[in-house]
Each structure stands twice: as C-alpha cells, then as structure tokens.
Amino acid sequence: MANGRFFDEMTKPDGLPRAVYERVNDWLASAPPELLASRRSQAELMFRRIGITFAVYGDKDSTERLIPFDIIPRVLGRSEWTRLEAGLKQRVKVLNMFLADIYGKGEVIKAGIIPEDIVFQNEHFRPEMRGVKVPHDVYVHISGIDIVRVDDHDFYVLEDNARTPSGVSYMLENREVMMRLVPELFSRHRVAPVENYPDALLTSLRSVAPKASGSDPVCVLLTPGIYNSAYYEHSFLADKLGVELVEGRDLLVRDKIVYMRTTQGPQRVDVIYRRLDDDFLDPLAFRPDSALGVAGLMSAYLAGNVTLANAVGTGVADDKAVYTYMPEIIKFYLGEEPLLKNVPTWRCREPDTLKYVLAHLPELVVKEVNGSGGYGMLVGPHATQAQIAEFAVKLQNDPDGFIAQPTLNLSTCPASFESGIGPRHVDLRPFVLSGADGVRVIPGGLTRVALKEGSLVVNSSQGGGTKDTWVVDDESTGGLI
Amino acid sequence: MLSRTADNLYWLSRYMERADFLARIIDAAQRLATLPTAYGGTGSEWESTLNAAGALDGYREHIGAVNETSAIYYLAFDPQNSSSICNCLEFARTNARAVRTALTIEMWQSINTAWLEMKRFQTIFGKPGTIDRLELSRFLDFVRKASLDFDGSAHRTMLRNDAHWFSRLGLYMERADTTARILDVKYNVLLPATEQVGGSLDYFQWTAILRAVSALTAYNWVYKSSIKPWFVADLLILRPEMPRSLRSCYDDIVRLLDNIGRAYGKQGRAQAMARETLHKLETGDMKQVFGMGLHEFLTDFIEGNDGLGAAIGAQYLVHDDEALFQGQMQSQG
C-alpha cells in the first residue's frame with residue numbers, strides 16, 4: 001500500500017507497518033471487506049440521522065450535505081503528539097503576543113522583524129483595536145492550526161487559523177461514531193479522550209470575562225444563523241457548552257452593555273464566543289449592510305463591558321503574508337527556535353521572487369494571502385494550461401495578494417473504499433485554547449483526507465472527507481480485547 | 001430562554017400538529033367523497049375540506065375548479081400552499097434546526113427522520129396528476145405517525161421547563177384552532193336536540209367529523225349512544241375528557257401559561273385571556289351554545305384563540321426593544 005513518493009503513516013517503504021499502526025494494520029488485514037462495507041454504510045446512516053451536515057457555497061442543488069467520513073482512524077503515537085503539542089503551544093502563545101504587540105507598542109515592527117505595511121495595510125488589521133487592552137492579553141482564544149507531515153519526524157504548519165476556525169464538532173462526533181462502530185479496534189488501543197473539549201473551552205471563555213461580570217459570567221455563542229455552512233457545529237457546541245446559541249437579532253446594546261432578548265426580558269451578556277467574522281459584527285463599526293451583527297457591539301466591546309472570543313482583529317495574525325515571518329516572530333518574542341516548521345514560502349510581493357514564481361507555476365501551489373477554505377488557489381501540478389495562464393495574470397496584477405509554496409508531498413493514511421483500501425493524503429487541524437490560565441491543546445484534532453486518489457486538496461468544500469484522529473499510548477493494552 | 005427559541009418551539013409544535021390535522025381531514029374527506037348522495041355525499045366534500053384547512057381561497061387562486069385529485073395534491077404536497085402537509089413538515093424542521101439546542105436528541109431525530117421520509121414521498125408525488133391511493137394512504141399514515149412520534153418524544157424526553165411549556169402551548173393552540181374550524185365547516189349538520197334531524201342522511205358527515213379528530217371510539221365510550229349531532233358538538237366543544245375538545249385544549253393552555261407565569265414570577269394579558277375563555281367553556285352548556293348559534297359561537301372562539309396567540313407572541317416571543325425593557329422594569333417593581 002505504501003507509495004514510494006510519499007510518507008505513508010501506516011506502512012513503511014519495506015511494506016511493514018510503523019509501530020503505532022500495527023494494531024490498525026492487523027485489524028484491516030483480518031477484517032473481511034463486507035465488514036468494512038457495512039461499517040461504512042452504518043457510519044453514513046449515523047451521520048445522516050444526527051444531521052451533521054454542512055453547506056457548500058455555490059451549490060444550489062443541496063443546501064445540506066454530509067462530509068464523507070472514513071472509518072480507518074488516523075493514529076499518532078504519544079511521543080509524536082508530545083512534540084507536536086509543545087510546538088502548538090509555542091506557536092499560539094506567540095500569536096497572542098504578536099497581536100498584543102501590534103495593537104500596542106509595535107516592538108516587532110520597530111525591531112524590523114516584519115515590514116510595517118504588511119501589518120498596518122493588512123485588510124484584517126483593525127485600527128479600532130489600537131491601544132485597547134483585552135482581558136489577560138488573550139486575542140486568539142480558539143485556534144485551529146493546520147499541520148501537515150512529509151516524513152516521520154517533522155510537523156509543518158500550513159496555516160494558523162486565528163479567526164473563527166471550524167471543524168471541532170467533527171473531531172467530537174467522529175470519536176463518538178468510531179466508539180460505536182469499531183469497538184473491537186478501540187479496545188486494542190489506549191486512546192486519549194477528546195470529549196472534555198467543551199469543558200475546556202467553557203473554562204477558557206469564562207476565564208476572560210470582564211472583571212465587572214462577577215463570579216458567574218454569562219457566555220453565549222453568536223452564529224450567523226441556520227444558513228451558515230458551519231451552523232450545525234455552532235448549535236452542537238452551544239449545546240455541549242450549555243450556553244445560548246444567539247443570532248445578531250437576539251442581542252441588543254444599551255448604554256454600551258450587551259443584552260439578549262429572553263422570554264423574561266433582557267439578560268446581560270458577558271462573553272460572546274462569536275462565529276461571525278469581524279466585518280459582520282457591528283453594522284455601526286464595520287460593514288453597514290450586515291444584518292447578522294449587533295448595532296453598537298463594538299462600543300460595548302471597546303468599553304470593556306463584553307469579551308469577544310476571538311478578539312476583533314486577529315485575522316492579521318493568520319494572514320498568509322504574516323505567516324511567512326512567523327519563524328522570526330517566534331525567535332523575537334521567545335528567543336527560542338520554532339518547534340514547528342513553516343512551509344517554505346515565496347512572497348510574491350518581492351519582485352525577484354515573483355519572477356521565480358511566475359517561471360515555476362506548474363510545480364507550485366499559489367494561494368491568495370487572504371483566502372481560506374481552499375477557494376481561489378492554484379495547485380500547479382494539477383492545473384490546466386489555461387488555469388496557470390489565468391493565475392499568472394492575477395499574480396502580475398496583484399503580487400501583494402499572493403504567496404507561493406512548493407507542492408508538498410503530504411503524508412498519506414489508509415482510507416477505506418468500496419474498491420478496497422488505498423492511501424490518501426491527509427492534514428491535521430488540532431484545536432488550541434487560550435485563556436487566563438494559559439494554553440491548552442486537546443489531544444487529537446480533525447484529520448481531513450483528500451478522498452480523490454492523488455488529490456492534495458483536503459477541504460470539505462472541495463471533496464475532502466474526515467477521519468477520527470487517535471493519540472495512542474505507545475504500548476498496547478497488553479492483549480486485552 | 002431566548003425569545004426566538006420560545007418562538008421556534010411554539011411554531012414547531014403548531015406545524016407538526018397542523019400536518020397531523022391535514023392528514024386526518026384528507027382521510028375523512030376521501031371516505032365521504034366516495035359516498036353516494038343518498039348516503040349524505042354532498043359533492044362539495046373537497047370544497048369544505050379545503051375550507052376547514054383554511055386553504056380554499058389560496059386553492060381558488062392557484063388552481064381554480066375544485067376536484068379531488070387537485071385538492072389532495074394542494075393540501076398535501078403543493079409547494080404553492082404555504083400550509084400543505086409538506087410545507088408544514090418543512091417549516092417544522094426549519095424551526096427545529098434553528099433551536100436544536102433546545103430540543104432533545106429524540107425530538108430532533110423524529111423530525112429529521114420524518115423530513116427525510118417526506119423527501120422520499122415528494123419524489124413519488126412530485127407533481128399534480130393522478131394520485132396513487134395506496135401510496136397516499138401510506139403517506140397519510142406516515143404523517144400521523146410522524147406527529148405521534150414527535151409528540152411522544154417531546155413528552156417523554158423534554159425537561160419540564162419553559163422550553164417544554166412553550167412547545168406544548170403551540171400544540172394546544174393549534175389543536176383548539178383546528179377543532180373549531182372543522183366544526184365550523186360542518187356546523188350546518190350539527191343541530192341541537194330540539195331540531196328535526198334529517199334522518200340518517202347526515203350520519204356519515206358526523207362520523208367523518210369524529211374521524212377527523214380521531215374521536216369515533218371516544219364518542220362511543222362517552223355517550224354509549226348512536227351518533228347524535230348535538231353529542232358530537234358537545235364532545236368536541238365542552239367535554240374535558242376528550243383530548244381534542246376546545247375545553248380540554250384550554251385546560252392545558254391555562255395550565256401551561258400558569259406554569260410559565262409562576263416560573264417567571266409574573267402574569268400578563270395572555271394568562272387573563274386564556275382563563276376567560278376557559279371559564280366560558282367550563283360554565284357553558286350546549287343549550288347556550290346552540291342558543292347563540294353554533295356558527296357564531298365558533299367564529300367567536302376562533303377569533304378569541306387568534307387573539308390569545310397574538311398576546312402570547314407579544315408577551316414572550318417577539319418584542320421591540322422598548323417593550324422588552326418595559327417588561328423588565330415591571331418585574332423588578
């Protein structure tokens with residue numbers, strides 16, 4: 001099953017399984033194909049009945065779809081995880097320091113680590129936030145750092161998602177489904193639990209409530225509404241957190257205080273876990289045409305009467321241009337070497353680099369600096385001549401708007417299909433929480449898998465699927481089944 | 001709880017109840033429509049059924065002349081009819097999706113499963129034309145089961161708090177409305193005991209009404225008599241033990257509003273209005289009802305019920321900012 005060109009996480013080039021995958025390998029070898037087929041269809045039925053769906057923008061035929069789920073778990077050994085976890089903590093700690101700095105004294109710019117215009121001209125930079133003190137200097141309360149592997153040692157950060165990362169409901173539901181579907185495989189491993197994520201999230205959110213809110217702050221989750229592609233996740237999380245799921249129209253601001261409309265009258269709100277982008281938060285402060293937000297919310301926020309998680313203006317930290325400076329930024333704040341690698345990146349804004357990128361488009365991946373979700377990117381090796389020509393024009397017109405990266409040989413994991421088992425490319429989005437008491441990482445995350453053979457695009461909007469991610473203790477359960 | 005959540009729960013239950021009612025009246029009308037005129041077949045069965053569903057005007061506008069196939073399609077499947085069974089289930093699910101956190105898993109699954117099944121039926125009954133009677137009766141059975149299933153899961157799994165009360169309130173408000181409407185459409189065959197009865201001619205009309213509210217067996221138990229029109233009216237208006245009677249609905253409405261009032265520590269206009277209606281039903285008798293005129297009584301009741309719906313809305317479900325803060329001051333004072 002191993003494919004010579006790529007690092008396969010289960011099977012070594014010599015055809016033997018890597019140690020952490022031995023038990024999965026045994027299970028796959030002994031499980032008859034009918035069993036896998038029946039588990040696959042059971043999984044689909046379970047997801048359909050629970051109603052875990054997402055919407056694909058621009059797809060008129062189906063407003064609700066299932067994300068395909070693969071029943072073979074993606075396994076990480078405890079020691080691998082420990083290395084990754086340390087790197088994630090370092091990274092998120094620095095993201096918070098960076099944001100506090102650029103909205104504060106701007107030392108990182110004064111020291112010449114990052115060009116001023118990349119920060120201040122950035123469309124996600126919010127001048128309103130300059131000089132604003134957010135509780136405990138935490139900006140990025142929830143982040144989803146996209147990680148890829150190309151060999152059995154290094155972890156690369158593909159993207160820092162510091163705005164409103166989604167996918168954590170899949171991490172939680174995938175685990176529930178797997179526990180019911182393959183109990184026999186579960187019992188052969190010791191798998192780190194992920195089910196305490198909502199508890200950890202609520203603890204983080206409560207820890208950053210405004211001082212005035214007392215010992216029992218009221219938290220809510222703000223959603224754009226049922227037509228948002230991640231609505232299912234919003235309702236799922238609100239339920240697990242035990243907080244109200246509110247839309248903009250459920251909130252109002254009076255005298256710089258946020259209230260929600262309840263059957264018993266107005267109730268004060270202290271912390272808003274918002275799954276709504278900055279632009280839509282407050283029609284008075286940002287986009288005036290937004291009907292999703294709350295008029296006056298920014299005034300309450302700037303007065304310190306309500307905490308927004310994530311903070312306003314975090315988008316500047318997960319910008320793809322800023323990303324290219326992250327190794328230096330980490331060294332600047334911590335005086336440490338980055339534990340996670342950056343994918344080598346060409347900044348098209350630099351004329352010589354642009355020339356190189358234009359000459360090598362067929363072998364590069366080009367991304368919009370402000371894009372996300374796999375939209376608006378060029379995967380050179382898989383693109384047609386026409387697409388490449390089209391991108392070349394875009395690049396020349398707006399070099400600042402793009403970065404380019406080598407086409408990574410993403411690692412593969414086995415996935416199960418009607419036609420059998422085959423390796424597919426994967427990435428990993430672990431979820432990292434920051435609160436007054438520090439940074440926490442839930443052992444696991446969302447593994448996204450490109451189900452099309454050979455495809456490197458794992459985004460659910462582009463035909464990707466998901467897998468449960470197991471962080472397992474390196475020794476087995478000692479033969480207990 | 002959020003006003004919007006209460007609103008969604010309230011309408012979710014109303015739509016599920018309405019779908020159930022529509023399935024029943026279609027079933028009852030189908031039986032009547034097959035009767036020879038000598039047995040009381042009036043030839044206008046579908047017209048009065050559309051009327052009972054509050055869909056006659058819309059039907060005339062979109063379809064025109066009334067016939068069985070078009071009427072069934074319009075009542076059950078037509079996307080143009082905002083209160084077709086399929087639209088009711090669609091709205092119910094939209095409301096459910098908006099308040100998933102306030103529903104139990106069982107409630108959500110019952111609605112979601114019903115919705116998926118409905119999608120399957122929609123492919124069978126995709127467009128107007130001939131209607132396969134066997135498939136139709138399967139569909140109507142499915143709708144009744146879906147409503148029962150939702151009702152049962154709500155009853156068995158919800159916490160007894162305001163979410164539950166608003167949800168049940170929607171059910172009883174809708175049920176009171178539909179019971180009154182079906183009686184009103186048939187008021188001309190429901191005569192007081194003193195009137196000469198038109199022989200057995202109306203017998204099938206009376207049983208059709210009972211069937212439409214699933215009260216045929218209940219009638220036999222309560223009255224132990226052959227079917228008399230004034231008893232039919234009595235059963236569905238005043239009898240507290242009949243779960244679809246106006247009286248029984250208002251027993252529940254008053255109880256639920258009282259629960260809400262107690263939990264929130266204040267009463268309002270909705271409570272007062274509901275109690276007033278209940279008082280009339282408790283103290284009234286059929287002589288008074290027929291004295292006033294059954295049609296007049298029912299028209300009055302339907303208006304009153306609509307008024308109560310509006311009062312519940314204003315008090316709990318949707319308010320402008322001023323009213324919201326106004327309410328707050330009262331409760332503090």
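Colleague: Where does A:K256 lie in chain A?

Modeller: In this predicted model, A:K256 lies in the loop between β6 (251-254) and β7 (257-262) of chain A.

Colleague: Why is A:K256 called partly exposed?

Modeller: A residue counts as buried with 20 or more other C-beta atoms within 10 Å, and as exposed with 12 or fewer. A:K256 has 16 C-beta neighbours inside 10 Å, a value in between, and therefore it is partly exposed.

Colleague: Which phi value does A:D137 have, and where does A:D137 lie?

Modeller: A:D137, also not a glycine, has a positive phi of about 55 degrees. A:D137 is placed in the loop between α5 (116-120) and β2 (142-149) of chain A. With 16 other C-beta atoms within 10 Å, A:D137 falls between the two cut-offs and is therefore partly exposed.

Colleague: What makes the peptide bond between A:A309 and A:N310 cis?

Modeller: Its omega is about 0 degrees. A:N310 belongs to the loop between β10 (307-309) and α12 (320-323) of chain A.

Colleague: Why is strand β21 of chain A described as largely enclosed by the rest of the structure?

Modeller: Nine of the nine residues of β21 (residues 464-472) are buried, so the strand is largely enclosed.

Colleague: How do you know that β21(A) pairs with β1 and β20 of chain A?

Modeller: Pairing requires at least two bridges. Six bridges join β1 (residues 69-77) to β21(A) in parallel, with A:F69 opposite A:T466. Four bridges link β20 (residues 446-450) to β21(A) in the antiparallel sense, and A:V449 has A:G465 as its bridge partner. Both strands therefore meet the criterion for pairing with β21(A).

Definitions and conventions: Residues numbered from 1 in each chain as written. Chains lettered and ligands numbered in written order. Predicted model: local features only at pLDDT ≥ 70, side-chain atom pairs only at ≥ 80, totals over all residues. Helix = DSSP H or I, 4+ residues; strand = E, 2+ residues; numbered from the N terminus.
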